[in-house]
Amino acid sequence: MRRAVLSTIAAVWLGIAVLAAASPEAPQQAAPAAAAVRDPANPRPTAGFLGADTCVACHDEVEKSYLDSPHGKASNPRAPAALHQCETCHGPGEKHLDDPTVNTSIRKFTKMAPREVTAVCLSCHTGTPHTAWQGSAHDTRSLACTSCHSMHTPKSATAHLKANTEIELCATCHKVQAAKINRSVHMPLIEGKMQCSSCHEPHGSTNVRLLRVGNWINEACVSCHAEKRGPFLFEHAAGRESCITCHDPHGSTNDRLLVAKLPMLCQRCHIGTRHPSTIYDNLSIQNKTVRIVDRGCVNCHAQIHGSNHPSGQTFTR
Amino acid sequence: MRTRICLPLVLSMLAMAHVAAAQQPTPAPPAAAATTAAAAAPLAGEADFGGHASSISGDAARFQKYRDLRNGPTLDRARYQKSRERWEFNAALEHAGYRDQRYTAGFNQYGKLKASFQWDQIPFFYSTDTRTPFTSPSAGVFRLADAFQTAVQSASATTAIYAADVRRFDLRSQRNIADARLDYRATRTLDLRVSFTSTGRTGAQPWGASFGQSNAVELAAPIDRRNNDMNATAEWSNDRAMARLAYDGSWFTNHVDRLIFDNPLRATDAVGLPSQGQQAQWPDSTAHTVSAAGSLALPARTRAFGYVSVGSWLQNDALLPFTINTAIAPLLLSRPTAEADARIVAMNYRLTSRPMTKLWLNGQFKSYNYDNRTPRFLEAQYVGLDSSLVTSATGGSEPFGYVRHFVDLDASYSPLTFAAVRLGYGREHDDRTFRHFEATTEHTVRASLDSTGLSWGSMRLQYEHGERTGQGLDEEVFSDIGEQVSLRQFDISDRRRDRLMALVQVVPIAPLGFSASAGVGQEHRPGAAFGLQDNDLRTFSVGVDATRKDALVLGTEYSFEHYATLQHSRQANPGPQFDDPTRDWSTDMNENVHTVTSSLDLPHVARRTAARLAYDYVHANARYVYLLPSNTTLAPPQPLAPVRNTMQRATADVRYSLSRQVGIGAAYWYDSYDAQDFARSPGTLDSPFFPALINLMYLNRPYRAHTASARLIYMW
């Protein structure tokens with residue numbers, strides 16, 4: 001039954017794509033001709049293009065930001081400055097010069113649909129890290145490049161972000177995760193040693209959760225915590241399954257970024273007889289029972305990520 | 001065994017400081033107030049010369065944690081940039097001479113070459129007041145005074161005798177990272193990239209070791225590891241197509257492969273009573289991955305993307321003996337080395353199409369195969385805790401592996417330019433070995449409404465419903481290890497999940513913005529009589545941003561998070577108790593977290609003066625409550641104290657420009673941390689020595705800190 005539903009959904013989706021492709025609509029804004037080469041001898045090399053001097057005659061407030069940015073480096077043959085300058089991104093300016101009040105006379109990114117904006121940017125930004133943008137989590141939510149980046153009025157020191165820092169920018173939407181990095185147990189983001197992009201690739205990734213490295217959550221984690229890569233002789237299945245079974249990488253109030261205190265976290269899976277299934281209450285605290293005070297279960301089961309010891313079946317060696 | 005950093009590679013690389021420049025100054029020290037430099041020829045460099053001093057009461061280590069805030073002079077936030085028409089060079093340093101210093105350099109020949117190098121040190125300061133009676137004659141070996149061991153063994157003394165040997169020390173570790181990257185644009189469409197990262201970690205960390213549930217010790221386990229990572233990529237791309245080939249290699253080396261630790265209760269070996277224990281530490285390992293990716297633009301604004309990677313994780317360390325207890329006859333190892341080998345194959349295929357302007361379609365298939373080829377390490381018996389022979393419940397190791405398949409289909413329709421409605425379906429199917437379900441399948445449907453790009457604000461709304469079911473239940477997995485067969489391990493159990501998230505941002509007038517968000521999430525695990533049952537989440541936040549050009553920038557946000565979980569268990573010994581429902585109990589956990597972040601920038605608070613004020617506050621309160629059924633035969637548990645912690649930071653920074661090139665600045669910040677933790681508070685661990693535990697006294701202790709800094713800012 002489930003296979004039939006899946007097949008039906010796929011068939012309907014493909015059918016829409018095929019039918020629509022048979023009668024495509026013209027795109028609102030054509031992508032710029034990326035292969036066009038600027039001819040210094042001809043200030044108006046292609047009909048409709050006016051040149052940057054004409055643009056800054058009215059828009060002088062953006063000239064400096066453009067020249068200071070990677071887009072303004074004419075020695076880079078891929079940069080807009082080496083092509084049609086302002087008009088590489090904004091399109092030919094002749095109609096705009098004739099009547100600036102018409103919104104469609106030139107590409108105004110603040111007036112364009114998100115995916116139209118992205119199509120313009122991706123016409124040049126074709127390589128890593130943008131190769132996996134289409135179909136990525138941010139693309140599915142209709143984010144555009146200009147949702148996070150500003151070419152002319154950036155606030156950050158690098159990457160032309162619309163906020164002073166990456167964390168500030170990501171916190172615009174990811175409120176819960178941004179709040180967690182301030183918790184008492186956290187990775188060094190607020191200390192400036194890491195950023196959101198230390199783990200995530202916002203432009204798209206082959207990994208889940210837009211993780212930057214690897215192809216599964218664990219591969220991303222062991223890129224820094226390589227000691228836990230293994231494989232080990234004795235594996236802790238919950239950890240090998242996924243690091244976030246037990247840890248919250250964004251921040252926690254529990255030691256070692258655990259999602260709950262010990263022994264309660266372990267008792268979510270270990271219900272067996274004797275000590276795993278015992279209630280550890282305040283009397284246990286007063287008696288300094290090692291199964292709850294200090295490191296809890298990990299006082300003894302220290303090799304909780306896996307053991308390479310022949311007697312390491314229960315992760316105590 | 002030490003691997004040298006590739007100095008020739010380092011010396012040959014200079015490039016733009018992407019990473020360092022992206023690391024904005026953080027509260028330690030506070031971000032400097034904005035400069036009021038007049039528009040003139042750009043300045044090439046900047047450096048802050050100054051000093052800071054802190055007055056700390058309480059846990060000075062926790063206050064510093066990832067930072068080095070020792071009193072003293074500072075050279076900080078130094079930047080240098082030189083650019084010409086065709087190239088640019090950047091260099092930067094942060095907190096020179098301190099344990100958290102960072103140096104970067106970068107060179108960018110526009111459109112041709114980018115090279116960068118970074119040296120970054122990340123300390124971790126655990127404790128200034130750690131105590132231990134153990135001495136370490138060599139790395140990884142922990143010894144107690146023989147005379148004291150003998151006295152305790154003969155019952156003429158208790159473990160309190162070791163107090164005479166206690167020494168205090170700082171417990172810290174350090175991560176040093178050298179990262180070098182080169183990006184060469186061979187042609188207009190061909191990029192060649194190579195990177196090398198060497199991470200060394202040294203110091204010590206708290207580590208548990210045990211001789212049984214009544215005899216555990218906490219050690220300052222030494223850390224001496226290095227991981228070297230390398231990437232080489234060739235990528236060809238234009239606006240129509242992309243092809244990429246990459247290799248990733250990783251080599252992990254641990255110079256402390258075992259811990260040997262004395263037993264505080266025994267001086268001589270006996271069966272069931274070892275005088276020392278031996279624990280394996282992280283084994284050396286390598287990982288190699290080759291990947292290929294490609295994409296192609298197709299008609300109707302369609303793009304196909306494909307990615308395949310093949311990798312292997314290898315580990316073949318020599319195995320330690322079953323025990324070092326000389327009173328136990330040695331057991332033969334079924335093989336001398338680990339022979340651990342996992343082959344990983346990952347695939348990702350995507351087809352994205354926008355056949356009509358308003359319609360967007362996306363289909364994705366992803367596969368991840370963790371094929372654990374490690375041969376089973378067969379053992380009928382092993383030595384538990386270096387004490388005595390134990391019959392293996394499983395007959396040996398269980399080389400756990402899995403295959404995951406993901407299918408995602410999404411369709412988005414934009415009835416208006418800045419609005420999109422999305423429907424999506426996802427299916428994840430996992431096959432596993434050695435777990436109680438042979439396979440699990442989760443179906444997820446999702447719907448979202450996004451309105452972005454409007455001048456007055458944006459709105460996001462998403463609802464997601466998922467249902468996971470397991471197949472191939474193997475109850476023997478539980479009965480073999482003495483677990484209840486109606487237990488379901490929560491990470492793979494049947495699960496029903498609903499999540500609703502909403503976010504609204506409104507900008508009624510340009511300088512003023514409001515935001516609000518709310519989220520609700522519920523997880524329920526039907527069919528699990530034991531284990532985690534429910535996991536619920538509620539969040540909301542409100543925020544205000546105000547900007548008055550060249551006058552002030554204000555941002556403040558409050559967020560609230562509520563988490564609740566419910567889990568079931570049964571307190572029982574083997575025998576009739578195991579099947580007695582009157583011995584059931586539950587844990588009801590509730591946690592509330594309040595977070596406030598706010599900042600105020602005043603770039604022209606007075607003539608030539610800029611100021612920045614900031615305040616951050618986090619308060620978390622969690623309760624673990626035990627619940628018993630009405631027919632219980634268990635004694636009522638004594639309630640646990642709540643787990644609370646509160647962090648506050650207030651900062652003030654003022655900067656005065658004496659001239660275009662010289663300025664002075666001063667900053668003050670106040671930090672406080674309060675914690676109440678039933679497991680690790682000073683009230684609980686008030687001594688290194690308990691009958692069942694010798695601990696390091698690494699605690700959750702509060703602190704109050706006042707820090708002042710002054711600096712001379714020089715720009716050139």
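Predicted model: local features only at pLDDT ≥ 70, side-chain atom pairs only at ≥ 80, totals over all residues.

Which exposed residues does the face of α4(B) turned away from its buried side carry?

Analyst: The face of α4(B) turned away from the buried side carries B:Asp146 and B:Ala147, both exposed. The helix itself covers residues 146-153 of chain B, and its buried residues are B:Phe148, B:Gln149, B:Ala151 and B:Val152. Looking down the axis of α4(B), you find these buried residues within an arc of 160°, so they line one face of the helix. Just after the helix, B:Ala155 takes a positive phi of about 65°.

B:Met697 is not a glycine either, and its phi is positive, at about 60°. You will find B:Met697 in the loop between β32 (693-694) and β33 (703-715) of chain B. With 7% relative accessibility, B:Met697 counts as buried, the cut-off being under 20%. In chain A, A:Ala159 also has a positive phi, of about 70°, and sits in the loop between α8 (145-148) and α9 (166-171). A:Ala159 is partly exposed, its relative accessible area being 45%.

Chain B also has a nonpolar surface patch of about 610 Å², with B:Ile664 among its members. B:Ile664 belongs to strand β30 (residues 662-676) of chain B and counts as partly exposed at 40% relative accessibility.

Turning to chain A, you will see 13 helices and zero strands. Of its 317 residues, 57% count as buried. The chain exposes about 13,200 Å², of which carbon and sulfur atoms supply 62%. Among contacts in chain A with a separation of 6 or more, 46% come from residues 24 or more positions apart.

A:Thr253 brings the two chains together in this account. This residue lies in the loop between α12 (237-241) and α13 (282-286) of chain A and is buried, with a relative accessible area of 9%. Setting aside neighbours within four places in sequence, A:Thr253 is in contact with A:Arg183, A:Ser184 and A:Val185, and also with B:Glu591, B:Ala620 and B:Asn645. A:Thr253 and A:His186 are 67 residues apart in sequence, with their C-alpha atoms 8.5 Å apart in space. The loop between α12 and α13 also holds A:Pro263, and the peptide bond from A:Leu262 to A:Pro263 is cis, with omega near 5°. Another cis peptide bond runs from A:Gly230 to A:Pro231, where omega is near 0°; A:Pro231 is in the loop between α11 (217-221) and α12.

Finally, a word on the cysteines: a search over all chains finds zero disulfides. For A:Cys86, the nearest cysteine sulfur is that of A:Cys55, 4.0 Å away. A:Cys86 counts as buried at 18% relative accessibility. A:Cys145 is in no disulfide, and the nearest cysteine sulfur, belonging to A:Cys121, is 3.6 Å away.

How values were computed. Residues numbered from 1 in each chain as written. Chains lettered and ligands numbered in written order. Heavy atoms only, no water. Patch = residues over 30% accessible without salt bridge, like charges linked within 9 Å, V, L, I, M, F, W, Y side chains within 5 Å. Areas by Shrake-Rupley, 256 points an atom, 1.4 Å probe, with all protein chains shown as cover. Salt bridge = Lys/Arg side-chain N within 4 Å of Asp/Glu carboxyl O. Helix = DSSP H or I, 4+ residues; strand = E, 2+ residues; numbered from the N terminus. Buried < 20%, exposed > 50% of the residue type's maximum accessible area, 1.4 Å probe, protein only. Arc of directions from axis to C-beta. Contact = heavy atoms within 4.5 Å. Disulfide = S-S within 2.5 Å.
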